[in-house]
Amino acid sequence: MKEQLTEEKVFKDPIHHYIYVQDQTIWDLINTKEFQRLRRIRQLGASYLTFHGAEHSRFSHSLGVYEITRKIISQFERNGYPDWPAEERLVSLCAALLHDVGHGPFSHSLEEVFDTDHEEWTCKILLENTEINRVLRAVSDDFPNQVAAVIQKTYPKPIVVSLISSQMDADRMDYLLRDAYFTGVNYGTFDLERILRVLRPYKGQIVVKESGMHAVEHYLMSRYQMYWQIYFHPVTRSSEIILRQIFRRAQELYVGGYSFEWMPNSLKGLLHNTMTVHDYLKLDEALVQTVFTQWLDERDSLLRNLCDRFLNRRLYKYITIDNPDETLLNEISDCLSSIGMNPDYHMEIDFPFDLPYDVYRPDKKEGENKEKAPILLLHGKDEISEISAKSDIIRSITGLHQGRYHLYYPEEPLRESVHLLPDRIKKLFKLD
Ligand code: ZN
C-alpha cells in the first residue's frame with residue numbers, strides 16, 4: 001500500500017488556517033463513514049442554545065487535534081531530537097484523529113442517563129467490524145490495537161499518550177481555541193504557535209523549554225476562564241438538564257411499556273441499554289432532534305413539555321442556594337408537589353466544578369492509571385521541574401475551584417400558583 005499521498009490534501013480551517021494530510025492512512029480514515037458521522041455531532045452539545053455560534057462539529061475538532069499533533073511531531077523531526085521515537089508518528093496521528101470518534105449525540109447528557117462511555121465506544125469502533133478498522137488493519141494486524149491503546153492511555157510509550165492526553169495536550173489546545181472562536185469569546189485564546197515551538201521530547205515525555213513558561217501560564221488561564229464562562233455556563237447547564245430529563249422520561253416510559261406514537265428502531269437499543277456498534281453509529285444529533293420534534297405530539301404530557309422546552313428554548317430558570325440541606329430541599333419538593341408539579345423532573349440541583357490544573361490529579365476510576373501527566377519545565381539541558389513550583393500564577397489556580405449550588409426549575413407553573421405558596425418559598429424563588 002502507498003504510505004504517502006502523491007499530492008498532499010488540505011482542509012481550510014478557521015483555527016489552524018490549513019490542515020495538511022500527507023498520509024494515505026489518514027486520508028482514508030477521514031473518508032470512512034464512522035469519521036464522517038462526526039460532522040453530525042456538535043462539539044459543544046447543547047451550548048448553541050447559549051452561544052448561537054457554537055454549531056461546530058466534532059469533525060472539525062478531530063481534524064484540529066490531528067493537525068496540532070502533526071505540527072508537534074514535525075517540529076521534533078525537523079530538529080532531529082533523538083528523544084522522539086520516529087516510528088511512532090503514524091500511530092500518534094491516527095490516535096489524535098480518532099480520539100473522539102465514539103462520541104454520541106449530546107454526549108455528556110446521554111452518557112449520564114444511559115451510563116455509556118464514549119471512550120469505550122471509540123475502542124469498539126476501532127476494533128470491531130467497521131470501515132475504520134479495515135483502514136487501520138491495512139497498516140498491520142495489530143495496528144487497531146495500538147491506536148486503541150494510545151486512546152486508552154495504556155500504550156507502552158507514555159510520550160505518545162501525552163501528545164493527546166496530558167495537562168497540555170493537542171486535544172485541549174484545539175478545543176479551547178476552537179470553542180472560543182465559535183462561541184465568540186476571547187477568553188480561550190493563547191499563543192499556540194509559541195507553545196508548539198517550545199515543546200521538547202525529553203526522556204520519554206514531552207516537556208516545555210523554560211522560556212515558554214509564560215505562554216503556558218496564558219494557556220492555563222484561558223482554560224480556567226473557558227470552564228467558568230463557557231463550559232459551565234448556567235444556561236447551558238439548564239439545557240443539559242432538560243436533555244437528560246427527556247432521555248430519562250423516554251426510558252422510563254419505554255421500560256414501563258408505554259406505546260410511543262413515534263419510536264425509530266435505532267433508538268430502541270439505547271433505551272434498552274443493549275446497543276451494538278452498528279446501532280450506536282446510527283445515532284446522531286439530527287436523528288435525536290427529529291425524534292424530539294415528533295415527540296411534541298406524544299400523549300405523555302411531561303415528555304411533550306420537555307421536548308418543547310428543549311426545541312423552543314424554554315429552559316429552566318435557576319436560583320443559587322448556598323447550603324442545599326435536606327430539610328430545605330424536602331420543603332421545596334413538597335411545595336412543588338402541592339401545586340401539581342413533579343419534583344422528580346421539575347427540580348434539579350446542579351454543582352459544577354472542575355480542576356483547571358492539577359499537578360497530581362487522582363482519577364475516580366480505580367485500578368486504572370488515568371492521571372493526566374503534569375506540565376514539566378526543562379531548565380538548561382538536564383533539569384526538570386513541575387511548572388506550579390516555578391509559577392505563582394499557576395500555583396494560584398491549582399487545585400479545586402468550587403462553584404455554587406444552583407437549583408433549576410420551570411418558572412411558569414410556580415408563577416401561576418404563586419398565591420398558594422408560603423412566603424419563604426416565594427422569597428427563595430424571588431416571586432414576591
Ligand atoms: Zn477531543
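Predicted model: local features only at pLDDT ≥ 70, side-chain atom pairs only at ≥ 80, totals over all residues.
Let me begin with a definition: a salt bridge, as I use the term today, is a side-chain nitrogen of Lys or Arg within 4 Å of a carboxyl oxygen of Asp or Glu.

Now to the overall layout. The domain assignment gives domain 1, made of residues 4–232 together with 375–397, and domain 2, made of 234–353 together with 404–428. The C-alpha centres of domain 1 and domain 2 lie 33 Å apart, and where the domains meet, 31 residues of domain 1 are in contact with 29 residues of domain 2.

How much area is buried between domain 1 and domain 2? The figure is about 2,900 Å², and carbon and sulfur atoms give 65% of that. On the domain 1 side, Leu49, Phe114 and Phe232 lose the most area to domain 2, and together they account for 26% of what that side buries.

Let me turn to the polar part of this interface. Between domain 1 and domain 2 there are ten residue pairs in polar contact, counting pairs with both residues at pLDDT 80 or more, and the rule finds three salt bridges across the interface. Which elements give two or more residues to the side of domain 1 that touches domain 2? They are α5 (107–114), α6 (118–127) and α12 (213–231), and α5 provides the largest share, with five residues. Sorted by class, that side of domain 1 has 15 nonpolar, nine polar and seven charged residues.

Finally, let me step back to the whole structure, in which a search finds 26 salt bridges. One that I would like you to find on the screen joins glutamate 112 and arginine 244, with the closest N and O atoms 3.6 Å apart. Glutamate 112 lies in helix α5 and arginine 244 in helix α13, which covers residues 234–255, so this pair ties together parts that are 132 residues apart in sequence.

Technical notes: Residues numbered from 1 in each chain as written. Heavy atoms only, no water. Domains from an automatic or database assignment. Contact = heavy atoms within 4.5 Å. Buried area = accessible area lost by both parts, 1.4 Å probe. Polar contact = N/O pair within 3.5 Å; in protein donor to acceptor, adjacent residues only side chain to side chain. Helix = DSSP H or I, 4+ residues; strand = E, 2+ residues; numbered from the N terminus. Nonpolar A, V, L, I, M, F, W, Y, C, P; charged D, E, K, R; others polar.
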